[in-house]
Amino acid sequence: MATLHHSSFCPNSRFIRLVLAEMGMEPTLVEERPWERREAFLLINPAGTTPVLVEQTGLAVPGAGIIAEYLDETRGLGLSGRRLLPEHTPDRVEVRRLLDWFLVKFFAEVTGYLVTEKISKRFMTSADGGGPPDMNAIRAARINVRYHLQYIGYLMERRRWIAGDHLTYADLAAAAHLSCVDYLGDVPWDESEIAKDWYARLKSRPSFRTLLADRVPGMAPADHYADLDF
């Protein structure tokens, strides 16, 4: 059985949890607090970032994008019609483009700010960077998420799923990041009904159940967070 070193509200960790669930894999989950720089974890991934997938063989695969590629290489063909990275090159390019959009761009403009300021800082010491949230960062993230939501709506007006006709890594990455923002009540769903409908489809899937059960100690989620019908 594989082991996934993750952080419950690290959006890239959530993406890999969704991927593994869609593939029918049930890894052992090890919760990490990356800012603590636990020595045993640094030996696995010197960068000290989550997620990291460790196979039974001891092979450590770090980073959400690398893990996604690795899982497609090692398990993708066996998924047949449920493969999350398409077979044809142009389709694979589009999935990879959107995967980068959410794992990198969305993180840098939205989830990185919100998760750090509203969740992580609550558990960090002052030496680690903890303390009151930076309201300027939060305001920037709340502005930025609106543009990303509009882009998802734009894509969904033209496609059945974000990258095309089938569920792919792109959908799972986008939904994983939005799930963190949604927990905090910072997604303006009323601004894009089509994006809201797409997200409802995603969070109704069995793979989403464990994410919807996650809770931040001392911080309740938005009222609709675990409501499959919003």
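Predicted model: local features only at pLDDT ≥ 70, side-chain atom pairs only at ≥ 80, totals over all residues.
Residues are numbered from 1 along each chain as its sequence is written, and side-chain values use heavy atoms, leaving out hydrogens and water. Helices (H or I, at least four residues) and strands (E, at least two) are DSSP runs, numbered from the N terminus.

**The sheet**

- Four strands make an open sheet with mixed pairing, in the order E2-E1-E3-E4; two strands count as paired if DSSP finds at least two bridges between them.
- E2 and E4 are the edge strands, each with a single partner, so one side of each has no neighbour in the sheet.
- From one strand to the next, the twist averages 20°; axes here are lines fitted to C-alpha atoms (for helices, over the stretch in contact), with angles from 0 to 180 degrees between N-to-C directions.
- E1 (residues 3-6) and E2 (residues 28-31) run parallel and are joined by four bridges.
- The chain goes from E1 through H1 to E2 in a right-handed β-α-β crossover, meaning that with the strands pointing away from the viewer, the path from the first strand over the helix to the second runs clockwise.
- E1 and E3 pair in the antiparallel sense over three bridges.
- His5 has Val30 as its bridge partner in E2, while Leu4 stands opposite Leu29 in E2.

**Helices on the sheet**

- H1 packs on the sheet and touches E1, E2 and E3, where contact means heavy atoms within 4.5 Å; the direction of H1 makes about 155° with that of E1.
- H3 also packs there, touching E3 and E4, and its direction makes about 130° with that of E4.
- The buried residues of H3 are covered by elements including H1, E3, E4, H4 and H6.
- Among the buried residues of H3 are Ile67, Tyr70 and Leu71; buried means under 20% relative accessible area, exposed over 50%, and partly exposed in between (1.4 Å probe, protein chains only).

**The nonpolar core**

- A nonpolar core is a set of buried Ala, Val, Leu, Ile, Met, Phe, Trp, Tyr and Cys residues joined through side-chain atoms within 4.5 Å.
- The largest one has 66 residues, and those touching the most other members include Phe15, Leu53, Leu71 and Trp198.
- H6 gives the largest share of this core, 11 residues.
- Leu53 touches Leu4, Leu20, Ile67 and Leu71, among others, not counting residues up to four places away in sequence.
- In H7, Trp198 and Tyr199 are among the buried residues, and the buried residues of H7 pack against H5, H6 and H8.
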